[in-house]
Each structure stands twice: as C-alpha cells, then as structure tokens.
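Good morning, colleagues. Please take a moment to look at the structure on the screen before we turn to its pockets and cavities.

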Amino acid sequence: MDLRHTPQEDAFRAEARAWLAANVPERPLPSLETEEGFAAHRAWEARLHADRWSVVAWPREYGGRGVDLFTWLVFEEEYFAAGAPGRVSQNGVSLLAPTLFDHATDEQRARVLPSMASGEVIWAQAWSEPEAGSDLASLRSRAVRTDGGWLLSGHKTWSSRAAFADRAFGIFRTDPGAAKPHHGLTYLMFDLRARGVTVRPIGRLDGKPAFAELFLDDVFVPDEDVIGEPGQGWRIAMSTTGNERGLTLRSPGRFVAASQRLVRDWRASADPSDTALGDRVADAVVGARAYQLFTYANASRFAAGASIGAESSLNKVFWSDYDIALHETALDLLGADGELADGEWAEGHVFSLAGPIYAGTNEIQRDIIAERLLGLPKGRRR
Amino acid sequence: MRFLLTDEQAAFGRSLEAMLSAADTPSAVRAWAAGNAVPGNALRARLGTVGVFALAVPEEYGGVGVLPVELAVAYVELGRYAVPGPVVETVAAAALLARLAEHGEAGPAKRLLPALASGGASATLTLPGGGPYALDADAAAYVLVVHGDELRLAPGTGALRASSDPARRLSRPAPGGELLASGPAVREAAGHAADWAAFATAAQSLGTGLALLERTVAYARQRTQFGTVIGGFQAVKHRLADTLVGLEFARPLLFGAALSMTTADIAAAKLTAGEAAYAAARTALQVHGAVGYTEELDLSLWLRKARPLRDAWGTPSECRRKVLAGS
C-alpha cells in the first residue's frame, strides 16, 4: 500500500497550482445557471483550454494532456483548492466523452471532442422523460428512420444545462416492437437549436433555470450522429451512467476543498462551546478524507486492470448524502445569514439537494448495492 | 500510488480467515465469558505462531518489525471472528514498550516483549487519557499501568466488573506495584500506545461490522415471511445497503491511517469504523427480529461487542476532537 505521489505527479501539481493561482478569477463568476453566468463560465472553459487545462485526462489530439487517473485526481484537488469556477462543460466531459471514447467512430471523436474541450459547444443530457425517471427503460421518445438519418419526436425533461446549452445527447426508442423495454433503444446526439426543438427552461428550487424540458417534433438527426449500433443504446448509456456515478462525476478534490473551507469558517466564527457543531465539522473533514481514499483505492483497482461496476453505487450514495450534510453544517455555522440567497454556501446547498436524485436516485443505487454487491433478491417489493 | 493490499497482504488475511473460520471461535468466546480462558488462550497462541502479535514489535525483541498495514489486515479478521481477550491491549502494550526502548529505556522491552510478540503471553493496560478500566486483567499475564510519568506493573487486577459484552471484563488495576520506567519518555510512549490501541480497535470494529453484515445478509436471504424471503423487501435491502456503505468507507480510512499512523488519521478511522460497526449491529438486530435479541444466537457475540469497541480507546467525541486538532 502506497499513498505517495510520483515526482511527475508532484511536478504536475506544482504546474497546475501555479497556473490556477495566476488565472482563477479573483471574484466568483455569476451563477452558471444564469444566462450571464453561463457565458462567463463558457469563456472560462476557453481560457482553461488555451493552456490545455480543460480536459487533462484526454489524449493530446483532442486538447488534453493524456494524464492518468491519479494525475487527474491531483488536478481536481488543485482546481477546487484554488476556488476555481464550476465546470459548465461537465455533462459533456464526464458523461458524453467517456461514451465517445468507448463507442464512437474516429470521425465522431474528431468532430465532437475538440469543441467540447474548448467550451465552444456545451452539451446537455437528455435522459429522463415525464413518465420515465428512475424507470428510464420505459422511455417513449422515438427516433424514426428517414433518408440519411432519423426523426426524433417526444418529450424529454430534467435536462441539466439545456436552458443555455448548444447540443444534447440521449437515448431514443427506434424499435417499438422490441421484446424488452431496454431493447430497441438508440444513443444519439442532436442540436438544441435544430428545427423542431422547443426548449422550456425549468426553474429549480432557487428559481434558476438549471434544467429544461425539451419538446421534439420531427427533429432531423443525421446518421453520423448515432453513437454505436442502433438498438444498442441502453448498453451504451449504462456505460455512461457508470461513469456518472462512479469515479468521474464528483471528484474528491471538490469535497476536500469544501471541508477545508468549512474548517476555516468554523475556526473564524464558531462559538467554541457549540461542540455539537464542532462534531459535524469533524465529520465533514473525515467524510472528505474517506471519499478521497476510497477514490484512490478505486483508481488503484482501475490501474491494476479491474473495472468498477456496481461498486460505483456505493460512491454515489456516499457523496450525495455527504454533500448535503456538509452544506447543512455550513449553513448552521452561518446562523441567521444562512438564510441569505446570495450567501457563500447557498447555491452549493441548493445544488447538493439534487444529488440523491440525479444520476440514478439513491433508492435505485441502494437496490443495486443490495442485489449486486450483497446478493439479495432482485425486484422492488413493498 | 497504489492504495491496495499487496498480494502477500491479502493472502495473509485469507490465511487468518481460514484458520479462524475452522477454529469455532463462538465456543471460545462463550467459554471466555464464563471465565474459562483455556480455549481463548489456545487461540491466541495459534495466532501468535502466524505472527499476529509480532506486527508492532521490532525484530530485536522477537517481532517482525512495525507493520501497521499487516496489523490492520489481521485485526479486521480478529474482529470478524470475535476473537476474545485483550488482543488490542496486547498490541498497545507492545507499542508502548517498543517506544520506550527507542527512547533508551530498553529494560522492560527486553523483559516483556518477546513473550507478547510470540503470543505466549497477553497484556492489558491503562493509559493517561484512556478509560480507567483495564480489559480482561484476570486473564492477562501482565497488567501495565501508566500514571503520569510512571509505568508500573500492577500488583493485582482489582475488582472485576462485568461489561455489557460478557466476553469483556473490566477492572481498575490495584495501585502501586513494580516501577518499570519513569520520566517524560513514558508519557510520550503512552500517547503512542494510545494511538496504536485506537488503531487496532478501529480494525477490530471494522471486522465486527463486516461479520454482522455477512450474518444478517445470510439470514435475510433465507428467512421467509409473507411467502417470500425478507431480503427481497426494499426496506430491508436499503438498510443493508447503507450498512455496507458505512463499512466500505471506513475501510480506506483504516488503511490510510496505517500508512501515516498520525493521531488525527487514526482518530478518523476509529470514529468511522466504530460508528459503522455499531450501525451494523443495530441493523443486524432489527433484521433478525426477536431471535436476534437472544443471547443463545451466536449473533449476540458480535452484537454486544460493537458498542464497547465504538467507545474503547477513544469515544466518538474524543476522536472528533483529535480530527479537528489535526486539520
């Protein structure tokens, strides 16, 4: 067992830290869930990209540095420690890109990845539908064959970033006669400004349009924007959701930095006699460290050639519950100011509340843990 | 960076598991609780032959060098099989004596360490800042007491008191006794020993929690109600899933602590493993229902251990204070 970084990783850390110190905006950008903030965050992505910091784990040919998972974790630690802006390109980079690396053609990768890396094209996900949430395989939106491509129709919802994004990816029913619900689905990409697309932004709890519903009416998608074989969309999408829940959606650097910020605020302002609050601050520190070490163990397994399957559900339950507890502690520390909508922890708190819901609800994750890791019977009884 | 057990370390854990699963430890625990230390001492001697108690002892005193990762691997298995006796205290005593030797006070180490390292003898102890009770002093070959700057060999066990876990007996060692060492080195070594005690307890807790979960999953897969196994009900499945989440996030903290052996990292591991194992005990009791509430079911051997281990060698509150002091 060894937790030491290599000299190369240490050098990378120093380089990243220096760049971030010189480039991270002094004041936080406006919320990325607003039109103004979205544009500012897109510009920040371009700045990262100009010096090859936007997608460090990608191959160089697509704008990355080709670094391994451990070095990526180092980058994330430095990124969040520096207080750098949220990543408006997150959906594309952490959900679509891994799918492209695994399932797309060289032509598709060459066409899609560079503009994703630069922030020129921001991607939204289009999974859920009004009647297909946790039961995603029951989705009804269809893609029907036409000359040179497909025509999409249907209704997608809870599409994160779609209010201001450029393009979207999702799965659509291409064979309504298939024997099982998760058969006959196809994974494809489409333009949110194409003819036939209507985007209706949805205000989340704090009113910001963090997601949207999409009405699709015979939207043309060329064949070149189908990923993998038609009919294989479920399998391809599941490889993406594994990434979402597992290693790459919530890097430990985010929580380590947040817990350190919490300790700093607690030291500066807490009533020392409030030991109950101190205990919760300690729990935030311990939880961040646990998540960091858990991730290092998973990354070590990856490096040793193993794959992470149902174990990613442990991850998802942990970080999403942890994130809420951390922000609740921070709000309690603020006392009356915890109610202020523009407080330092306010938007993070609102965002954390969605964690146990998106990327597969925690109820679905607990089913997966119970069935696939503990060997309990399948099914959702009573 | 390779935060995984080596093949050798994993094999060491499996060999202990094989030994202990064949050893009928529940009978040894019940005998221990009834005051018959013979099977428990035999078990300790067998563990000694494969080096379990040599893992915190330098080679010059009969040990294999200080190997915290291997110690954690071993003590997880000791917890999983509910091995009775002052196993944590023996390793803490070894750490205390080895540290004193590093400070130039080698006499007590030369005298006591070889027997502890081989598993031929066990020790128990009290330390400043720890609880007032020594564990299983009646069964230990040596009862060590650190008070202020003095390390003494207690002259008697003191009056024995029952623990909520019948396989643990508590006492305040008799005062006085032979002075083994004194001075500031004793105080420093006692702090070091307290860290090792907390560390070994964290590993033992994790193993206790894993055993509780394993037994409860097995029960939920075979117990039938309403015409179906209860492990198919979501209310049961989700509680067991949460138990696994708790334990699996304690594990990396334990091994992270093994690599650094800092007070704060050990406290984080102790806190998390202790709470996760206690939560596993609550789940185990609830899922087993009335039969889990009986002493005749072997589950009780782990159920009653989880809470004392959570509080021994660092209550959750004390652990949190150490975490904050170190961050």
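On a 1 Å grid over the protein atoms alone, a pocket is an open set of points with protein on both sides within 12 Å along at least five of seven lines, whereas a cavity is a set where a 1.4 Å probe fits but cannot get out; lining residues have an atom within 4 Å of a point. Grid points are joined across faces, edges and corners, and a volume is the space filled by probe spheres set on the points.

This is a predicted model, in which local features need pLDDT of at least 70 and side-chain atom pairs count only at pLDDT 80 or more, while totals for chains, interfaces and linings use all residues. Residues are numbered from 1 along each chain as its sequence is written, chains are lettered from A in the order in which they are written, and side-chain values use heavy atoms, without hydrogens or water.

The second largest pocket has a volume of about 880 Å³. Its lining comprises 32 residues, and those nearest the centre are A:Arg301, B:Leu5, B:Glu248, B:Arg251 and B:Phe255.

Turning to the cavities, three of 30 Å³ or more are found in the whole structure. The largest cavity has a volume of about 110 Å³. Among the 16 residues lining this cavity, B:Gly85, B:Leu135, B:Arg168, B:Gln204 and B:Leu309 are the closest to its centre. Which helix gives the most to that lining? The answer is H5(B), with three residues; helices here are DSSP runs of H or I with at least four residues, numbered from the N terminus.

Methods: Helix = DSSP H or I, 4+ residues; strand = E, 2+ residues; numbered from the N terminus.
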